[in-house]
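I am opening my notebook to record what I look up in this structure, entry by entry.

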Amino acid sequence: MSQALLRLFEDHHEALFRFAYRLTGSAAEAEDIVQECFLGLLKPNSAYDARRTPPRTYLFGAVRNQALKRIARRGRTAELQDDASDLADAGSPEAEAQRTELGAAVQRAIAELPPTQREVLLLAHYEQMSLAEIAEALSLEIGAVKSRLQRARAGLKEALAPYARSVEKNVEKRP
Amino acid sequence: MNDSELNELLDTWKAPPTPASLRDAVRPKLMASAPVPRANYGKWLIAAAVAMGALAVGASLTQDANLGGETGYWGNGIYVLRMRIVHPALARLKWGFSGGLSTGMQWKDGCLVGSVYLYSPITHTHYGYSWSARPVDAKRYLLSIGPLDPSVLREDGPISSLPHPPHPTIVSAGSKLDIDLAASDGQRVYDHIELSDKPPALLPAAALPNFSIVLTHPQLFVNGQAEGDSAGVAQATGRTARVDVPGRGEFVLTLDAQGDSRFTPDGAVDGDRIRFHSGDSQFVIQCSDPIAAKDGLPVYVYFRPDASIERVRFSSGGSIKGGPEQ
């Protein structure tokens, strides 16, 4: 059993961390959330039922629930928690990229989305989950997922319109 | 802004790399985990059951099964063990219910001689051989395996020739050989023979198939009087046992007559002794070890009169079902 859990961890913990980070805006909280989710599988009263839910879907749902609890507890949304320490510690090319103006603008725009739209967008765009998977992870109808995703993308297009030229320039620079 | 441009913008927001501390914190706990998510219990139990079943089936297809055998003393410090084995173990379902006979051993014309066979009540065929062991010197014998002597048969039916008759060979303590009685369709019934300079380990009754009779150092008492001992057979095991009684005939004993009407429940197993009666006579076979895996089992007896029998002899074998008187 431990091998199966280890495999589950290796397969999914990075994506779960990214999702938790983008929901909460905090790498430290994301780490705690992912840890809690995996260790929660070891509890006898774990709600995980392999017969009903694929593990990936279950884990993303669990991370989302944990993130919402933490967000509610601290009394604010994950909007624009400028977790500079996380990024400075990371020191990776990705972290450097996030420091760019575009990245910060995207982060702010996503944080300003309604939570129900934000989580759908994060799963669909950053984790490449299908509408059906998202519906299962968030306990929604596929139609609701689709409409939330459409509204989220529409809102982001509007919010990020001033940066569209930057994107066009980047695209033009590509070989 | 079109969808591609939006996607391009969204991709500029990078998440930090997963901290190594997450792996360090979680992996050891998962590796040490014994608890299983509740919903997985059934799956894992089923998997375990399937694995155990597969192992059992695999074992039955690859391992041997013991049908019984004999141990005895040839003299000159040489002991012999003969075990009848079926391969694969699953074939015991076919061969384990066969009858058969071992005549034990006797001296004849300067040789130890005997015959053993397996009798199939289905095909009414005999599978066996007669053997002789002629002393070469103080420690060696010339062992010859030949066609089954038809005079020892107790049932009608043909004799199947040995699939791989061995050549005469010099044997001594430490010699081992296998003699095939039947080999076909991936199944093999054979006698494994070992010679040693020490008494072979005797098989406990519990190690043999259900309803096996194990006669270890048997002695026969008729109406309270000692009639004779095992005459060189230290142990005879099998689904049937046979005792020859001088002036009377042969008694074939079994704990499971399988509906064979020739056998009547005339006795019982009581630890290391079997008590049975025939006519007005009481018979007791006293052994040195337990005779069956459990006590209190009824003993079914088939008596075949034969006034020509001159001495007590214990052996394994004796057919169930398909005999001429059935």
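**Entry 1: a helix and its sides**

I began with helix H9 of chain A, residues 142-159, which has 18 residues and reaches 25 Å from its first C-alpha to its last, close to the 26 Å expected at 1.5 Å a residue. The expected span is 1.5 Å times one less than the number of residues in the helix, and helices (H or I, at least four residues) and strands (E, at least two) are DSSP runs, numbered from the N terminus. Before going on I noted that this is a predicted model, in which local features need pLDDT of at least 70 and side-chain atom pairs count only at pLDDT 80 or more, while totals for chains, interfaces and linings use all residues. Residues are numbered from 1 along each chain as its sequence is written, and chains are lettered from A and ligands numbered from 1 in the order in which they are written.

Which residues of H9(A) are buried? I found Val145(A), Arg148(A), Ala152(A), Arg153(A) and Leu156(A), where buried means that 20 or more other C-beta atoms lie within 10 Å of the residue's own, exposed means 12 or fewer, and partly exposed is in between, with C-beta atoms placed from the backbone. These residues are on the same side of H9(A) because they cover an arc of only 130° around the axis, the arc being that of the directions from the helix axis to the C-beta atoms. I reminded myself that an α-helix has 3.6 residues a turn, so residues three or four places apart point the same way. On the face turned away from the buried side of H9(A) I found the exposed residues Gly143(A), Gln150(A), Ala154(A) and Glu158(A).

I then looked up what the buried residues of H9(A) pack against, and the list holds helix H6 (101-111), helix H7 (115-126) and helix H8 (131-138) of chain A together with helix H1 (3-10) of chain B.

**Entry 2: chain A and the cores**

I counted ten helices and zero strands in chain A, and of its 175 residues 40% are buried. For helix H2 of chain A, residues 27-40, I noted 14 residues and a reach of 20 Å from first C-alpha to last, close to the 20 Å expected at 1.5 Å a residue. Its buried residues include Ala27(A), Ile33(A), Val34(A) and Phe38(A).

Val34(A) came up again in the largest nonpolar core, which has 48 residues and in which Leu16(A), Phe19(A), Ala20(A), Val34(A), Val63(A) and Leu123(A) have the most contacts. Such a core is a set of buried Ala, Val, Leu, Ile, Met, Phe, Trp, Tyr and Cys residues joined through C-beta atoms within 7 Å. Helix H1 of chain A, residues 2-24, gives the most to this core, with nine residues. A second, separate core of 30 residues includes Leu67(B), Met83(B), Tyr117(B) and Tyr141(B).

What does Phe19(A) contact, leaving aside its neighbours within four places in sequence? I listed Phe60(A), Val63(A), Leu122(A), Leu123(A) and Glu127(A), a contact being two residues whose C-beta atoms, placed from the backbone, lie within 7 Å.

**Entry 3: strands of chain B**

Chain B has four helices and 22 strands, and 39% of its 326 residues are buried. Strand E1 (residues 65-75) of chain B pairs with E2(B) in the antiparallel sense over nine bridges, and two strands count as paired if DSSP finds at least two bridges between them. Across this pairing, Thr71(B) stands opposite Leu81(B) in E2(B). The hairpin of E1(B) and E2(B) has two residues between the strands, and Asn76(B) there takes a positive phi near 55°.

E2(B) also pairs with strand E11 (residues 187-196) of chain B, in the antiparallel sense over nine bridges, and the bridge partner of Ile85(B) in E11(B) is Tyr190(B).

**Entry 4: one loop residue**

Last I looked up Thr103(B), in the loop between strand E3 (99-102) and strand E4 (106-108) of chain B. Is Thr103(B) buried or partly exposed? Thr103(B) is partly exposed, because 19 other C-beta atoms lie within 10 Å. Not counting residues up to four places away in sequence, Thr103(B) touches Gly114(B), Ser115(B), Val152(B) and Ser315(B). Thr103(B) and Arg242(B) are 139 residues apart in sequence and 8.9 Å apart in space, C-alpha to C-alpha.
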